[in-house]
Amino acid sequence: MKYAEETQIGLVIDDNVFEVTFKEHFKALHAYACVLLKDEDEAEEIVQSVFLKLWEKRENIHIDSSLRAYLYSMVYRDCMNLIRHEKVKQKHQNITLYEAQNTSLQNDHGHEDELMSLLKKALKDLPEKCRQVFLLSRYESLKYSEIAERMGISVKTVETHMGKALKHLRVELADFLPILLFLFINI
């Protein structure tokens with residue numbers, strides 16, 4: 001099957017080509033991303049974002065190799081970027097945890113009681129859905145897609161609620177940030 005019209009600048013992707021390419025390659029690219037990431041949801045997001053990028057940049061993109069090879073290289077690159085990002089996040093969490101464990105606030109029960117009181121108040125001040133999203137994410141460790149499904153809202157709405165909740169908590173609990181990070185990391 002011919003995937004795209006060949007020109008002097010490489011392969012040209014049109015609507016039909018995109019649809020055929022998506023249908024023919026999505027499952028294999030998803031399986032490949034799953035092998036790299038060991039997470040089906042993350043793999044699906046990566047592959048969908050690769051196809052989205054391909055579609056958005058279809059008029060400016062120049063593919064000099066095969067379209068299949070190009071897609072696999074995009075998936076590989078995006079998976080490696082995600083893995084690197086997760087390693088950086090983990091390293092930052094480990095440093096924060098270490099600092100929180102070595103701070104004198106951790107051993108001061110008066111501060112812990114005050115923190116818990118302020119945390120409860122800050123959570124109570126959040127709008128209901130915003131609070132629910134935060135609690136499902138932090139205390140039940142659900143992914144945004146799982147929260148969206150459970151609450152019957154979009155993933156974008158979950159992201160918005162989490163942003164509001166985190167901003168509110170940062171403002172309300174700014175004095176206790178090191179110990180808060182310790183608590184949320186170990187929940």
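I take a polar contact to be a pair of N or O atoms within 3.5 Å; within protein, one atom must be able to donate a hydrogen and the other to accept it, and residues adjacent in sequence count only if both atoms are side-chain atoms. I note that this is a predicted model, in which local features need pLDDT of at least 70 and side-chain atom pairs count only at pLDDT 80 or more, while totals for chains, interfaces and linings use all residues. Residues are numbered from 1 along each chain as its sequence is written, and side-chain values use heavy atoms, with hydrogens and water left out.

**Entry 1: Arg-131**

I looked up the polar contacts of Arg-131. Its side chain reaches the backbone oxygen of Lys-124 at 3.2 Å. A polar atom of the Arg-131 side chain also lies 3.1 Å from the backbone oxygen of Leu-123. I located Arg-131 in helix α5; helices (H or I, at least four residues) are DSSP runs, numbered from the N terminus. Setting aside neighbours within four places in sequence, I found Arg-131 in contact with Leu-123, Lys-124 and Leu-126, where contact means heavy atoms within 4.5 Å. Is Arg-131 buried or exposed? Arg-131 counts as buried because its relative accessibility is 19%; buried means under 20% relative accessible area, exposed over 50%, and partly exposed in between (1.4 Å probe, protein chains only).

**Entry 2: α5 and α6**

I then examined the pair formed by α5 (residues 128-138) and α6 (residues 144-151), whose axes come within 10 Å and cross at roughly 135 degrees. The α5 helix is therefore oblique to α6. Angles under 35 degrees count as roughly parallel, over 145 as roughly antiparallel, 65 to 115 as roughly perpendicular and the rest as oblique. Axes are lines fitted to C-alpha atoms, for helices over the stretch in contact, and angles run from 0 to 180 degrees between N-to-C directions.

On the α5 side I listed Lys-129, Gln-132, Val-133, Leu-136 and Ser-137, which meet Tyr-144, Ile-147, Arg-150 and Met-151 in α6. By class, this contact has 5 nonpolar, 2 polar and 2 charged residues.

**Entry 3: positive phi in two loops**

I recalled that most residues other than glycine have a negative phi. Ser-141, not a glycine, has a positive phi of about 55 degrees. I placed Ser-141 in the loop between α5 and α6, and it is exposed, with a relative accessible area of 53%.

Lys-38 is likewise not a glycine and has a positive phi of about 60 degrees. Lys-38 sits in the loop between α1 (15-37) and α2 (40-56). At 69% relative accessibility, I recorded Lys-38 as exposed.

Terms used: Ala, Val, Leu, Ile, Met, Phe, Trp, Tyr, Cys and Pro count as nonpolar, Asp, Glu, Lys and Arg as charged, and the others, Gly among them, as polar.
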